[in-house]
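Good morning, and thank you for joining this meeting. Please look at the sequence and the structure as I bring them up.

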Amino acid sequence: MSTPRLGRVLVTNDDGIDAPGITVAETIAASVADEVWTVAPAGDYSGGSRQLNLHHPLRLTPAGDRRFGLDGSPADCVFVALGSILADTPPDLVISGVNAGVNIGGDVGFSGTVGAAMSARILGIPAIALSQAWKGSRHDIPWQTSRAWLPEVVRRLIATDAWPWSFVPNVNVPAIGPDGVTGIEVTRQGHSATVIPFVERRVDLRDQDYYWIYMRKQNDRPEADEDIAVLRRNAVSVTPLGHDVTDRAGLDALAGLSIDRQH
């Protein structure tokens with residue numbers, strides 16, 4: 001399988017310019033491209049989906065050679081990179097991640113990691129979202145598994161006949177050491193999990209209410225080809241995400257709703 005060498009890759013994420021996962025993504029980018037640029041949020045912007053900040057200025061701070069932190073969302077980073085920094089020399093690929101934690105099932109709609117990749121694809125640049133699962137402590141994420149497996153996953157995806165992709169590959173790495181990974185499987189976005197809002201109300205020192213928002217997830221019995229089931233089998237999950245979110249069954253259900261006033 002021959003993998004084309006890319007000229008330029010843009011790296012972004014939603015965990016922030018100083019997050020450990022972005023250095024993994026930059027290593028992956030360097031393995032497939034001659035030039036790597038990074039534009040990422042200045043701080044953690046998890047859960048931002050495709051949010052764009054349209055009502056306040058965005059400030060860019062150098063963070064190294066061809067590296068910048070932006071005080072905006074992951075989607076903002078993509079817009080600033082493609083619309084300004086790399087406007088005259090667009091990248092061949094955008095890599096978003098590597099996220100600390102999975103982006104599967106219902107999580108995908110909230111994910112800033114996926115949101116950045118989808119934004120890039122809307123702007124005409126192939127993009128991929130990368131995430132690393134973990135269990136237990138957030139301080140004990142098996143980044144070595146992403147380092148070992150994701151360069152090969154990205155190379156294989158670029159080498160397919162589908163390149164340049166019209167979809168966004170959403171790649172999730174299981175929470176296990178590199179030697180325990182059973183392989184790579186193409187999956188469907190899971191729909192067996194339920195996302196439950198968890199909101200903790202607190203009171204500050206001025207006796208004012210404030211809230212912490214979190215998501216709890218209940219995973220029922222996923223079908224064998226769903227992303228969560230594949231991760232449970234300790235395989236890398238690759239889910240092609242599309243832009244069309246039309247519910248096909250809904251089209252049939254609403255067939256009688258249309259009105260044609262011309263007849």
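Predicted model: local features only at pLDDT ≥ 70, side-chain atom pairs only at ≥ 80, totals over all residues.

Residues are numbered from 1 along each chain as its sequence is written, and side-chain values use heavy atoms, with hydrogens and water left out.

The largest pocket holds about 1100 Å³ of space. It is lined by 37 residues, and those closest to its centre are Gly101, Val102, Asp107, Tyr214 and Lys217. A pocket here is an open set of points on a 1 Å grid over the protein atoms alone, where a 1.4 Å probe fits, with protein on both sides within 12 Å along at least five of seven lines; lining residues have an atom within 4 Å of a point. The volume is the space filled by probe spheres set on the points, which are joined across faces, edges and corners.

Which element gives the most to this lining of the largest pocket? It is β10, with five residues. Strands are DSSP runs of E with at least two residues, and helices are runs of H or I with at least four, numbered from the N terminus. β5 (93-100), β9 (193-203), β10 (209-219) and α5 (227-232) each supply at least two residues of that lining.

The second largest pocket has about 420 Å³ of space. Among its 18 lining residues, Val108, Gln189, Leu241, Gly242 and Val245 are the closest to its centre. Both α3 (112-122) and β11 (236-241) supply at least two residues of the lining.

I turn now to the backbone. Most residues other than glycine have a negative phi, and most peptide bonds are trans. The peptide bond from glycine 97 to valine 98 is cis, with omega near -5°, and valine 98 is in strand β5. The bond from tryptophan 163 to proline 164 is also cis, with omega near -5°; proline 164 is in the loop between α4 (143-159) and β7 (168-173).

Finally, aspartate 207 has a positive phi, near 65°, and sits in the loop between β9 and β10. Aspartate 207 counts as exposed because its relative accessible area is 61% (buried is under 20%, exposed over 50%, partly exposed in between, with a 1.4 Å probe and protein chains only).
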